[in-house]
Amino acid sequence: MKSKLHGVLFAFALALLSSFSSCKISYKFSGASIDYATTKTFSIEDFDNQAALVYPPAAQQFTEALRRKYVRETRLREVTTGGDFDLSGSIVGYDLAPVAVQEDAFASMTRFTLTIRVNFENHANSKKNFTRTFSAFADFDSSSLFPDVQDGLLKELTDEIVKQIFNATAEDW
């Protein structure tokens, strides 16, 4: 009886192991869904600043943050132009607006909004090409002077928009 039970358990274990060997388990740490067989390179042209309010370092900071994201989170090799993933665009909005107006008609908070227009060409799959606008905002206390908080807010909004662009291009969201 004991040997029959061992035989059944052995057969069950063998069947279980063989079923796992036919399965493919895969996961990605970055979440990127890039077909590396057809997509090997990326290029990012310098973004220019076409916003009404221009902060000179913004375009370069944004471009560099986008490049770093692709270098860190993909296996794509950066090329100067004509990459399999080819991104270009402009800062089209760099805006301040009052929010949370108090009863004395003064705003207690100001909203800083950054808007980027992106042209994405996927040379490996042209169905995924797009021109789209991405935006993010942050509120800050109106008692603060914008030049004092600008760099920190710009970095925060840049990081958020870079993440949105990466999700739309490399993660297929």
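View 1. Glu-73 is partly exposed, at 24% relative accessible area; the classes are buried under 20%, exposed over 50% and partly exposed in between, with a 1.4 Å probe and protein chains only. The term requires a side-chain nitrogen of Lys or Arg within 4 Å of a carboxyl oxygen of Asp or Glu. Four residues, about one helical turn, separate Glu-73 from Lys-69 in helix 2. An α-helix has 3.6 residues a turn, so residues three or four places apart point the same way. The model is predicted: local features need pLDDT of at least 70, side-chain atom pairs count only at pLDDT 80 or more, and totals for chains, interfaces and linings use all residues. Residues are numbered from 1 along each chain as its sequence is written, and side-chain values use heavy atoms, without hydrogens and water.

**View 2. Glu-64 and Arg-67 form a salt bridge.** The closest N and O atoms lie 2.8 Å apart. Both residues belong to helix 2 (residues 57-73), three residues apart, about one turn of the helix. Glu-64 is partly exposed at 32% relative accessible area, whereas Arg-67 is buried at 16%.

**View 3. Asp-159 and Lys-155 pair in helix 3.** Their salt bridge brings the closest N and O atoms to 2.8 Å. They sit four residues apart, about one helical turn. Asp-159 is partly exposed, with a relative accessible area of 35%. Elsewhere, salt bridges with shared partners join Asp-46, Glu-64, Arg-67 and Glu-78 into one network. The count of salt bridges comes to six.

**View 4. Helix 3 bends at Gly-152.** The kink is about 30° and is centred on Gly-152; the bend is the angle between axes fitted to the seven residues ending at a position and the seven starting there. Helix 3 covers residues 146-169, 24 residues in total. From first C-alpha to last it reaches 32 Å, close to the 34 Å expected at 1.5 Å a residue, where the expected span is 1.5 Å times one less than the number of residues.

**View 5. The chain has three helices and six strands.** Elements are DSSP runs numbered from the N terminus: helices are H or I with at least four residues, strands E with at least two. Their order from the N terminus is α-β-β-α-β-β-β-β-α. Of the 173 residues, 36% count as buried.
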